[in-house]
Each structure stands twice: as C-alpha cells, then as structure tokens.
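Please read the briefing below alongside the sequence and the three-dimensional view, which are shown first.

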Amino acid sequence: MGIKIVHPMAAVAMFALAATPAISDENANLVVNDEINITVRAAAPAHMENVSEVLSGWLFRADETQQFQMDDFDNPGMIWVDKAVASWGKAEGSEGKSCASCHDDPDSMAGVKAVYPKWNETAGELRTLELQINDCRENRMGAEPWKYTGGDMVNMTALIASVSRGMPVNVAIDGPVQSTWEQGKELYYTRTGQLEMSCANCHEDNYGNMIRADHLSQGQINGFPVYRLKNAKLNSVHSRFKGCVRDTRAETYKPGSAEFIALELYVASRGNGLSVEGPSVRN
C-alpha cells in the first residue's frame, strides 16, 4: 500500500526518502559470541497483511554497528546487564527478598522475554515485562516499584532479554488479549500529529529507504532494550514509542500507558518468528 500524504508538512518530512536496497546485506547473519544464532529474517506471521518477511533492525545498520552486537565484550549494552546482575541478588523491601530468592539465577528467566507482553490470568490483565517486574517488587519483596523507563528497570529487562537471546518471539494475540491487540493495530496505522504520519508510513511502507541519514527498518522490537549510539545508553521500547510519536509532532502517550501497552503487544507480535536479541545495538 502506498503513502498518501494528506498534510503539506508531511511532504517536507518524507521528501528525504530515497530508494536504497531493502537491507544492507541480504546475506548477513548474526551469531553472538560465536554460539548464539539469531534469526534476523523470518516468514511474516499470518496476521500481517502487507509484509511477507519480517526483518530484524540489525540488518539495516552499518557493518561497524552490526559488529558491536556480535560479541558481548564489544556490546556496550552489556555493561548495564552486569549492573542488573548485581541488583538480581540484592535483597530489598519489607520482605527482605531479592529476585534470586524466588528465581535462583538469571538463567531461570530464559524464554520469558520471548512471550511478553503476556496475559496474567491471576491478575486478569495484560502485562508487559516492566509491569510484571514491579508486581514482584511490590507484592513479593515489599519494595518500591521502579520507574517504568528508569535505569534500574531498563537494566533488569535487558538482563532478562539477554538470557533469551536466540529464542523465537512468540507473543500471543488471541483470547483475552485480542481486543487490546486490535487497539494496538489501530494505533499502528492511525496518522497522528502535524505531520499526519503513522508507524506504518515509515516501518511498513518505506522500510529499506533512507530518511535523511537513517536507514529505515521495519521497526521490530525484538532487540529491545536497545543501546543507542545516539544517546549512549539503554533505551526501553516505550521510550522509543514516545520519541516516534513526538517526531510526528503529536501529543504523545506516557510510558506504561494503556495505549503504549496495546501498541507494544501489536508491534511485538509483528516480530513473531524473529529471535530475541536484547540488548541490541542501534543508531
């Protein structure tokens, strides 16, 4: 489906789009530490209507950026993972418990990142990994919740992602989460802001093209949390959503809001079949 710009300011933003090869290297493969095979291209999930193949954002980065992610000693995001390892065993709160009190070592979390956001039957709600972490902190540890996009939270989600690297994303979209998934889909395709652009305008209609100096990807989130060279820190997916909405010159939602949770569910499901990569390295 083609872009139909309905606002003159959008024409200014999209003028910089220029055709380039769909990905930097069609034969590129990602293997981390010479042992973790990462699936960076896969057949699109059946629910995707306009894309036949899903592609990791890693494929759209320059060779030198790709190489950062191929070895944990070179991946700057692993510094924050190490910080989370220290937090994992630290007892906090009125119960005097740590993450390790219930879950042993972080490797016990292998596979968790691959299925979030996920319906929590006991609570009767859809939970992101951040919401689940804060539930554990408040109700099991008796500790204060972490800020949704704060450093401690992003570090911990990076640790939990790191032990699932190579596992296929498999986010459920049916049953009790279907209506939320539909809401997320609507948000993905709805034009917003003064530029009247949607997520799909960049990441579905124009992936593989250049917008100024940026090589547009499909906007897959299997690599989050992401270490961005731009700001030299780990970034959460809701922080990235916030930045994208801001770039359309729209009033954005808050991290942890119902809107961003729905959008995360939908976007995560678009990457079903790709591997968990976090913490990944991007521009």
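Asp 104 is exposed, with a relative accessible area of 56%, where exposed means over 50%, buried under 20% and partly exposed in between, for a 1.4 Å probe and protein chains only. This is a predicted model, in which local features need pLDDT of at least 70 and side-chain atom pairs count only at pLDDT 80 or more, while totals for chains, interfaces and linings use all residues. Residues are numbered from 1 along each chain as its sequence is written, and side-chain values use heavy atoms, with hydrogens and water left out.

**Backbone features**

- Asp 104 is not a glycine, yet its phi is positive at about 60 degrees, and the residue sits in the loop between H4 and S5; helices (DSSP runs of H or I, at least four residues) and strands (E, at least two) are numbered from the N terminus.
- The loop between helix H4 (99–103) and strand S5 (118–120) also holds Pro 117, and the peptide bond from Tyr 116 to Pro 117 is cis, with omega near 0 degrees.
- Glu 196, a residue other than glycine, has a positive phi near 45 degrees; Glu 196 belongs to the loop between helix H7 (178–189) and helix H8 (199–203) and counts as partly exposed at 24% relative accessibility.
- A cis peptide bond, with omega near -5 degrees, runs from Phe 224 to Pro 225, and Pro 225 lies in the loop between strand S8 (214–215) and strand S9 (226–228).

**Packing of H9 and H10**

- Helix H9 (residues 237–247) packs with helix H10 (residues 258–270) at an angle of about 105 degrees, their axes being 11 Å apart, which makes H9 roughly perpendicular to H10 (65 to 115 degrees counts as roughly perpendicular).
- Val 237, His 238, Phe 241, Lys 242 and Val 245 of H9 meet Phe 260, Ile 261, Leu 263, Glu 264 and Val 267 of H10, contact meaning heavy atoms within 4.5 Å.
- By class, this contact of H9 with H10 has 7 nonpolar, 1 polar and 2 charged residues.

**The largest pocket**

- The largest pocket has a volume of about 1,400 Å³; a pocket is an open set of points on a 1 Å grid where a 1.4 Å probe fits, with protein on both sides within 12 Å along at least five of seven lines, and lining residues have an atom within 4 Å of a point.
- Of the 49 residues that line the largest pocket, Cys 202, His 203, Arg 240, Cys 244 and Asp 247 lie nearest its centre.
- H9 gives the most to the lining of the largest pocket, with 6 residues.

Definitions and conventions: Axes are lines fitted to C-alpha atoms, for helices over the stretch in contact, and angles run from 0 to 180 degrees between N-to-C directions. Angles under 35 degrees count as roughly parallel, over 145 as roughly antiparallel, 65 to 115 as roughly perpendicular and the rest as oblique. Ala, Val, Leu, Ile, Met, Phe, Trp, Tyr, Cys and Pro count as nonpolar, Asp, Glu, Lys and Arg as charged, and the others, Gly among them, as polar. Grid points are joined across faces, edges and corners, and a volume is the space filled by probe spheres set on the points.
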